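Reader: I have a model open and want to learn to read it. Where do we start?

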Amino acid sequence: MPQHVPAPVEGDTAGIAEPGPPSGRSNDAAPEAGSRGLPDALRPWTVLTWLPLLLAAGLWTASLPHIGFRSMGEYGLLDRLPVIYYLSLLLLTAGFLVSLRRAGTAPWWPALYCAGLLMALKGVPAVLYDSERYPWASKHDAVINHLLANGELRPDEGLSGNMSAYDQWPGFFTLNGGLVRAFGADSAAAYLNWAPVVLGLLMMPVLILVYRTFSEDWRLVWTAVWIFQLANWVGQDYLAPQGLAFLLHLAVLAVVVRHFVRPRSAGRLRSRAWLDPAAAAVPPPTGTRQRAVCVLVLVPLIVAVNAVHQLTPVMLCVTLLALNLTRRYRNPGLLAVAGLLMLAWDLTMGRPLFMETLGTLRDSLGELTRNSRAGYAGQLTGAGPELAGRANVLMVLAVAVLAGAALLLRRRLVHSALPLLLASAAPVPLFVVNDYGGEMLFRVYLFALPGAAFFAAAALVPAAGGTGAHRVRPAVRKICAVALPLSLVALLAGFMPSYYGKEQMNYTPPAETALVTRTIDRAPEGALILAATGSFPQALHRYDRLEHWFFAEQELPENVEMLKNPAGYLSTRLPSGTTAYVILTRTQDIYTAGEGLLPPGGFDALTRDLAASPLFHVVERTGHGVVLRYDSP
């Protein structure tokens, strides 16, 4: 019987894994011809490892002064990023592929490239923008400021603008309030734009823990991390509760898959002769007492998930339920604890919103089409948003096709990594339940992405070792050697329009923010703030003292009807004796057009009609918007 060669074999290329040198010596240990006597850092393959990273960093830094983010058009940042920026991304990709050759002996190189990719892709707004990216993120800053100013939570008090939920799930805001105080910052706005980079860096080691549970091949692991970053375009990693909750969810998953294996549950997965050469051995089993201790260790993490976000505990419970379908991770006690903690929070701190959500299930249950659409209108308009929408679909399909290929071609690896596959598929049935304000599609994709990225990488990175039936044919290695770089470049090309194609609606000039802040500061307590949408800066500034109505956040046919007589539509729906301010800004114009809330030219028609109506009086008009006041007769 031929002796099994464990994976990974050092010295394999990214996609073409040649047999190692005699006596088990790795290719990395053998000096390249003509390089004997040179320091290791100057040997050809070592230079090809660090030089692209250095050049990419230089090109990326040099591109920053030439990025015209203040003059973005309908294609967002895509046509405002200089050629050298795109070259830096290609250099990072090339260097990463070279670094995979030494992933087993020098894993810090792929790690540096993954960190560099994260910074290159999502660091531009953090470094350049002079205002908060994602105008709606300013409401989280408003909640943190409110908490610091008042020092109390009011979960039972109804607040307009759907703000009550933040007092009912306050963990994220309490944490950031502490950070603001600890660092002496004026507000969370000081670091808000850095959230995607920071969360991405924190997520990397957690992903590695999960992936290493199912694969010993460092090339596959780092490729999965790389694909995860390229496919994470959904914009859920800004300064918001869901980003932190997702990180905590992954941390719980990492602990479960590594420390909750039941005794005598692995079967033939304990045999290296049966496993895929890249598969990791099943973690050591734990007894009942050890698992009970691990449950106690996880309780603070699960409580934190419940304190931070309302949907993520549901995702965690369905993930644990899916893991219980396997013999390896059948731990009903942990599932029961997670479910009871979720219910305890929902029936106490989160009771108002929880009961309201239960009341809406009759209308949403089983409505697959409505629950799986994105946003309110579900129809992007304009060149940039339409391109972004098409890129989103293609990115989902690309990752799904690659992961599906692994399910067909690497069935032994899929069998050993079945828990990860089930955990990724677990959130999908939630489409049946609710649309979560038009965001269920994005949340399901995000929670499925870690597993999908792993299997997509498995389709592109062939096993390094193996003998006999497990040995990968040379033709497969050659195909993967071409498919891997092409796939990474294709995913990179898809990420850019997916993430930056709608950037015009994500950046707000500081002058517009100042206009909104002035208006809300002078509004009397109890006044009503009207706007076409809540996606503009400082929309919920002083939210605990004012009422809000974002009147265009409804179906397009209703808005078309509203545009026939905007002044009459609004005035007949305002309570008697109301003092109201209508704030209409450039960002709202871009958002309502791009998201399909208003027809083309609808926002301009709305602004003209209200400004011309005797019921509304212009308070202030600038190049960034207009403010009108309505005094009830």
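Author: Start with strand pairing. Two strands pair if DSSP finds at least two bridges between them. This is a predicted model. In it, strand β1 (residues 528–531) and β3 pair in the parallel sense, over three bridges.

Reader: Which residue in β3 is the bridge partner of L530?

Author: V582 is the partner of L530.

Reader: In which sense do β3 and strand β5 pair, parallel or antiparallel?

Author: Antiparallel, over seven bridges, with β5 spanning residues 625–631. Look at L584: V626 in β5 stands opposite.

Reader: Why is strand β3 described as largely enclosed by the rest of the structure?

Author: Count its buried residues. Buried means under 20% relative accessible area. Strand β3 covers residues 579–585, and six of its seven residues are buried, so the rest of the structure largely encloses it.

Reader: Now the nonpolar cores. What is the general idea?

Author: In soluble globular proteins, nonpolar side chains tend to be buried together. Here the largest nonpolar core has 154 residues. Those with the most contacts inside it are L77, V124, Y211, W222, W226, V256 and M496.

Reader: Which helix gives the most to this core?

Author: Helix α18, residues 440–460, with 15 residues. There is also a second, separate core of 22 residues. It includes V582 and L628, along with M562 and L610.

Reader: Take W226. What is it in contact with, leaving aside neighbours within four places in sequence?

Author: L92, T93, F96, Y113, C114, L117 and L488.

Reader: And the surface? Which residues make a nonpolar patch there?

Author: V83, L87, L90 and V489 make a patch of about 330 Å². Helix α2, residues 83–99, gives the most to it, with three residues.

Reader: Zoom out. How many helices and strands does the chain have?

Author: It has 24 helices and five strands. Of its 633 residues, 54% are buried. The chain exposes about 26000 Å², and carbon and sulfur atoms supply 64% of that.

Reader: What share of contacts with a separation of 6 or more comes from residues 24 or more positions apart?

Author: The share is 77%.

Key:
Residues are numbered from 1 along each chain as its sequence is written. This is a predicted model: local features need pLDDT of at least 70, side-chain atom pairs count only at pLDDT 80 or more; totals for chains, interfaces and linings use all residues. Side-chain values use heavy atoms; hydrogens and water are left out. Patches are made of residues with over 30% relative accessible area and no salt bridge: like charges are joined within 9 Å, nonpolar side chains (Val, Leu, Ile, Met, Phe, Trp, Tyr) within 5 Å. Accessible areas come from the Shrake-Rupley method with a 1.4 Å probe; for residues, only the protein chains shown count as cover. A salt bridge is a side-chain nitrogen of Lys or Arg within 4 Å of a carboxyl oxygen of Asp or Glu. Helices (H or I, at least four residues) and strands (E, at least two) are DSSP runs, numbered from the N terminus. Buried means under 20% relative accessible area, exposed over 50%, partly exposed in between (1.4 Å probe, protein chains only). A nonpolar core is a set of buried Ala, Val, Leu, Ile, Met, Phe, Trp, Tyr and Cys residues joined through side-chain atoms within 4.5 Å. Contact means heavy atoms within 4.5 Å.
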